[in-house]
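This report describes selected residues and the nonpolar cores of one structure. The sequence and model are shown first.

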Amino acid sequence: MKKRIFPALAALLLLLSLCACGSESTAAFRTVEVIGTRYYSVICRKDDKIAAQIDEAMRGLAASGTLSTLSTRYLGGDRITLRGDSAAPADSAVEQTDAAGSTRQTLIVGVEENFVPMAYEENGVLRGLSVEIAAALGEALGWEVVYQPITSAEVDTQLASGNIDCALGFDPLCVNAERYSVGVTYMESDIVLAVRPESEINRIRDLKERRIGTLDDPALTAAIQGSEKLVKYAAGATAYASLARCVEALDDAWCSAIVVDSLMLTYY
């Protein structure tokens, strides 16, 4: 007979699993030091008229509590930093036309692929906080939303090519601010130097002549380069294609510590 978990118990277990978010450790990793901050923003092409409308709609979603509700659902608490404008329309359709004068019907949103809990595939369906925020944004604007999973390194080219209309949940460092419009920042997360709990690395200076692992993400790269102690003591950094590969390198001793977004470690 299958065991059933009652809703209240399931919610409690979820909260317990998320309580380490933003703390010094998770069940599988230990934070050595916080070295930076990753910002979750909306990015559009600079001259695209939808940028201002998206910002207005996002502020409306913040004011209505929609963003906070979604954050609590996926992160176990309200991590939203955006303070909404109560006058912003959170639930009214906005008509927008393209260069040819046709009424816009879809909004193609780039979300970060394979990033639990932001955007991930489950049973063939794309789910996650960024996915639901994009859906709420489309509803507020009155447009159908099409999701395009991309990496941080692809934001610039995907926007430039027109493959996406906006990127949701990416750090502004992903793009050249002279060419793109960085809209509202609605959430922040710590960038951490992390190790396994049993590691002998307790401070950055313990990394002397040892390599660190990270991901191909401009925000992570900037945090590493901006840490004087990491630059001084670490023997260098290797960027891996995914968090799984990064952790595998850590466990195989190809690197002695990893630099990642703390939200990723919480859900790994």
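N114 is located in the loop that joins β2 (106-112) to β3 (120-122); strands (E, at least two residues) are DSSP runs, numbered from the N terminus. The model is predicted: local features need pLDDT of at least 70, side-chain atom pairs count only at pLDDT 80 or more, and totals for chains, interfaces and linings use all residues. Residues are numbered from 1 along each chain as its sequence is written, and side-chain values use heavy atoms, with hydrogens and water left out.

N114 counts as exposed because its relative accessibility is 67%, whereas S189 counts as buried because its value is 3%. The cut-offs are under 20% relative accessible area for buried, over 50% for exposed, and partly exposed in between (1.4 Å probe, protein chains only).

S189 belongs to strand β7 (residues 180-195). Leaving aside neighbours within four places in sequence, S189 is in contact (heavy atoms within 4.5 Å) with residues including R38, Y40, R79 and D261.

| Pair | Distance |
|---|---|
| S189 side chain and D261 side chain, polar contact | 2.5 Å |
| R38 charged end and Y40 ring centre | 4.4 Å |
| N114 and I150, C-alpha to C-alpha | 8.9 Å |

The largest nonpolar core has 72 residues, of which I54, M58, Y186, L230 and I258 touch the most other members. Apart from it lies another core, of 10 residues, among them I150, V155, F170 and Y180. I258 touches F29, V192 and L265, among others, not counting residues up to four places away in sequence.

Methods. Lys NZ or Arg CZ within 6 Å of the ring centre and 35° of its normal. Core = buried A, V, L, I, M, F, W, Y, C linked by side-chain atoms within 4.5 Å. Helix = DSSP H or I, 4+ residues; strand = E, 2+ residues; numbered from the N terminus. Polar contact = N/O pair within 3.5 Å; in protein donor to acceptor, adjacent residues only side chain to side chain.
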